[in-house]
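Have the model open while you read.

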Amino acid sequence: MSGSLGRAAAALLRWGRGAGGGLRGPGVRAASSGGSGTSERLDALVKKDRVVVFLKGTPEQPRCGFSNAVVQILRLHGVRDYAAYNVLDDPQLRQGIKDYSNWPTIPQVYLNGEFVGGCDILLQMHQNGDLVEELKKLGIRSALLDEKKDQDSK
């Protein structure tokens with residue numbers, strides 16, 4: 001785990017529609033697990049895209065407050081191109097991703113194939129600026145940098 005991700009995880013450890021169809025935001029892909037839910041299948045899903053989120057519901061219709069918070073944080077940063085997997089559509093995926101990450105809750109966020117954590121960790125990374133840095137490593141410029149630049153020029 002990279003330095004800032006590790007610090008955020010350590011600190012916190014101390015501390016739509018269905019996937020098959022419907023409308024999605026620009027660049028957001030969603031799908032069910034499709035296969036047997038094996039570790040290999042999940043490994044392929046988390047590594048397929050730079051940003052991957054397993055959530056309850058869809059980015060357009062999150063079905064829990066924590067999933068909604070993750071979607072809103074990504075929107076604040078202007079992250080639109082990410083894979084979103086609705087665990088409510090597939091009980092095997094829901095349990096499989098928990099086993100894969102050894103993390104008991106949903107949502108789960110992966111950056112560049114690396115498990116980041118859930119809502120609390122993403123929120124902390126947003127608040128302390130680590131998320132801007134991690135997105136930069138992925139070649140994604142946070143929209144918050146542009147917003148700050150606009151405010152500074154006023």
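This is a predicted model: local features need pLDDT of at least 70, side-chain atom pairs count only at pLDDT 80 or more; totals for chains, interfaces and linings use all residues.

Numbering runs from 1 along each chain as its sequence is written, and side-chain values use heavy atoms, with hydrogens and water left out.

**Helices α3 and α5**
- The axes of α3 (residues 65-76) and α5 come within 9 Å and cross at roughly 30°, so the two helices are roughly parallel (angles under 35 degrees).
- Phe66, Ala69, Val70, Ile73 and Leu76 in α3 meet Cys119, Leu122, Leu123 and His126 in α5 (contact means heavy atoms within 4.5 Å).
- By class, that contact has eight nonpolar residues, one polar and no charged ones.
- In α5 (residues 119-128), the buried residues are Cys119, Ile121, Leu122 and Met125 (buried means under 20% relative accessible area, with a 1.4 Å probe and protein chains only).

**Loop backbone**
- Most residues other than glycine have a negative phi, and most peptide bonds are trans.
- Ile106 and Pro107 are joined by a cis peptide bond with omega about 15°; Pro107 sits in the loop between α4 (91-101) and β4 (108-111).
- Asn102, in the loop between α4 and β4, has a positive phi of about 60° and counts as exposed at 68% relative accessibility (exposed is over 50%).
- Asn112, in the loop between β4 and β5 (114-117), has a positive phi near 55° and is exposed, at 58% relative accessible area.

Key
Helices (H or I, at least four residues) and strands (E, at least two) are DSSP runs, numbered from the N terminus. Axes are lines fitted to C-alpha atoms, for helices over the stretch in contact, and angles run from 0 to 180 degrees between N-to-C directions. Angles under 35 degrees count as roughly parallel, over 145 as roughly antiparallel, 65 to 115 as roughly perpendicular and the rest as oblique. Ala, Val, Leu, Ile, Met, Phe, Trp, Tyr, Cys and Pro count as nonpolar, Asp, Glu, Lys and Arg as charged, and the others, Gly among them, as polar.
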